[in-house]
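This note is intended for a student who wishes to read the structure point by point. Please keep the sequence and the structure in view while going through the numbered points.

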Amino acid sequence: MYWVAAIILAGFLALLCLARKEDAAQAPSSLLKPFYRMAMYIYKKSCRRVPRLFSSLRVEKDLMQLHPGESRECLKTEYYVKKAAVCLAVILLGTLFGVAARFSMEGKVLLKEDGTIARGSYLDGEKVISVETEYGQQKMDFEIEVEPKLLSEEEAEKLFAELWEKLPEYILGKNDSLKNVTSDLALKERYGEFPMTVRWESSRPGVLNDGGQLFPVEAAETVTLSVYLTYGGLEREERLEVQVAPPALNPEEQLYMELEGLLQQSQSESLEQDEWILPSEWQGEGMVWRQVVEDNSLLLWAAAMVTAVLVFVFLDKDLHEQLERRKKSLRGEYSQIVHKLALFVGAGMTVRGAFQKTAGDYERKLQSGGRRSPAYEEMVYTCRELRSGISEGLSYEHFGKRTGLQEYIRLSALLTQNLKRGNSMLLERLREEADKSAEERLQQSKKLGEEAGTKLLVPMVLMLAVVMAIIMVPAFSNM
């Protein structure tokens, strides 16, 4: 695998150097630009030498149907370069994960070809490996525990002495010295990298138990800890003296404990009374008591002020987003409206009749449960202006201005021009406008589709990385 990875990485580096001048403007992110450059280089060279490699009549036909009116070569180049770039990215990621898997696997291989297993030192600890054997016609699997090499008695004695020397430091915990122990000790079974097992026994479990837990004492106590060190068949027993002392209190802590005792005594004396009168003095000093209640009023006020500012700011943003959504809806319905007007005018209706017919159909559809539409709502509003006595030309001008979009302003100008000049070419102009709006809608849809495809490219590569990680994490965790 290492040779394969080395060859592939060398090929990628060479290809990257050769393709450094290629254009990668269509790459969705800077991370993918090197792959797009290499893909463009490969595509150009292949088209010259092996034209059939990047050629499929079915693919080209699909591309032309999806993007009518665009250059066949541009569509073909963009499609195959994008396809090759994704393939190159997958190859590189797969190679890197393959090298990692190989490295991980080699670290776990302990069984050699001659049937021997290399034991590690005591620092490596115990390992569990899976093996299989073929015995005659049978094949069996086993999980075996590979223990580290056992130390000689001389080496073990040396480690016993070293551990015993460091043991007082290991068990101190938060204490400064074993001669003044005021908190729990760290009595464990293993310490550091030593392979020995440690067992503890306390001579005073009520003061210091075998797990190192310390219980409160009123006066200093001496506790003897019996230490049993075990390794293989060897065992050593030692004794360790520990001086347990009551916790040292500073003046403030001492005063707190005294006052706490005073409160407990005061409460016990007033249990049979309706009220508990707290102590008013201590050692000649007056005492004033106040109940501590959490007051979050100021914090809530500050949060309310911040929220108000945020609402003030983000409401403007929300309004702008609503306006943009309205404009988007108006643009999407423009083509349909112009087609209907052209159809009705072509059938012999007047412009006013066609306008009112379109708005009336929308109102009937709305009454039967249809959804509201900003563009048709504006047409209904225009019809109401016509019925209220406003001139037809002025109503159409208002219609274009209210939408605020160039398409509708162009349509209102076309209708108004027909009223003023008696344009006999209205039907032809409406049909041209309908065709133009349909083409613009198609281009907008194609743009949105390309953006969606580009956005999906990076998640697809990330999904591949996640799948590789799912495969690799268990392998690394068993190392």
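1. Before two helices can be compared, an axis is needed: it is a line fitted to C-alpha atoms, for helices over the stretch in contact, and the angle between the N-to-C directions of two axes runs from 0 to 180 degrees. The model discussed here is predicted.

2. In overview, the chain contains twelve helices and seven strands. It has 479 residues, of which 27% count as buried. Considering contacts between residues at least 6 apart in sequence, 53% of them join residues at least 24 apart.

3. Consider helix 8 (residues 351–367) and helix 9 (residues 374–387), whose axes come within 9 Å and cross at roughly 120 degrees. The two helices are therefore oblique to each other. In passing helix 9, helix 8 makes a left-handed crossing. On the side of helix 8 the contact is made by Arg352, Phe355, Gln356, Thr358, Ala359, Tyr362, Glu363 and Leu366, while helix 9 contributes residues including Tyr376, Met379, Val380, Cys383 and Arg387. Sorted by class, the contact of helix 8 with helix 9 comprises nine nonpolar, three polar and five charged residues.

4. Helix 9 also meets helix 10 (residues 392–403): their axes come within 9 Å and cross at roughly 155 degrees. Angles over 145 degrees count as roughly antiparallel, and helix 9 and helix 10 are therefore roughly antiparallel to each other. The crossing of helix 9 with helix 10 is right-handed. Helix 9 takes part through Ala375, Glu378, Met379, Tyr381, Thr382, Glu385 and Leu386, and among the partners in helix 10 are Ser395, Tyr396, His398 and Phe399. The residues in the contact of helix 9 with helix 10 comprise six nonpolar, four polar and four charged.

5. Which residues of the largest nonpolar core touch the most other members? This core has 29 residues, and the ones in question are Leu163, Ile171, Leu185, Tyr191, Trp200 and Leu225. At least two core residues come from each of helix 5 (153–170), strand 3 (197–202), strand 4 (221–231) and strand 5 (234–244). Apart from this core lies another, of 28 residues, which includes Leu330, Leu341, Ala375 and Leu405.

6. Trp200 deserves a separate look. Not counting residues up to four places away in sequence, Trp200 touches Leu167, Ile171, Leu187, Lys188, Tyr191, Asp210, Leu225, Ser226, Val227 and Leu240.

7. Is Leu88 buried or exposed? Its relative accessibility is 11%, and because buried means under 20%, Leu88 counts as buried. Leu88 lies in helix 4 (residues 72–108). Leu88 and Leu32 are 56 residues apart along the chain, and their C-alpha atoms are separated by 9.9 Å. When residues up to four places away in sequence are not counted, Leu88 touches Phe12, Phe35, Met38, Ala39 and Ile42.

8. Glu407 has a relative accessible area of 15% and is buried. What is Glu407 in contact with, leaving aside its neighbours within four places in sequence? The contacts are with Arg331, Tyr334, Glu433 and Glu440.

Definitions and conventions:
Residues are numbered from 1 along each chain as its sequence is written. This is a predicted model: local features need pLDDT of at least 70, side-chain atom pairs count only at pLDDT 80 or more; totals for chains, interfaces and linings use all residues. Side-chain values use heavy atoms; hydrogens and water are left out. Helices (H or I, at least four residues) and strands (E, at least two) are DSSP runs, numbered from the N terminus. Angles under 35 degrees count as roughly parallel, over 145 as roughly antiparallel, 65 to 115 as roughly perpendicular and the rest as oblique. A crossing is left-handed if the near helix is turned anticlockwise from the far one by less than a right angle, and right-handed if clockwise. Contact means heavy atoms within 4.5 Å. Ala, Val, Leu, Ile, Met, Phe, Trp, Tyr, Cys and Pro count as nonpolar, Asp, Glu, Lys and Arg as charged, and the others, Gly among them, as polar. A nonpolar core is a set of buried Ala, Val, Leu, Ile, Met, Phe, Trp, Tyr and Cys residues joined through side-chain atoms within 4.5 Å. Buried means under 20% relative accessible area, exposed over 50%, partly exposed in between (1.4 Å probe, protein chains only).
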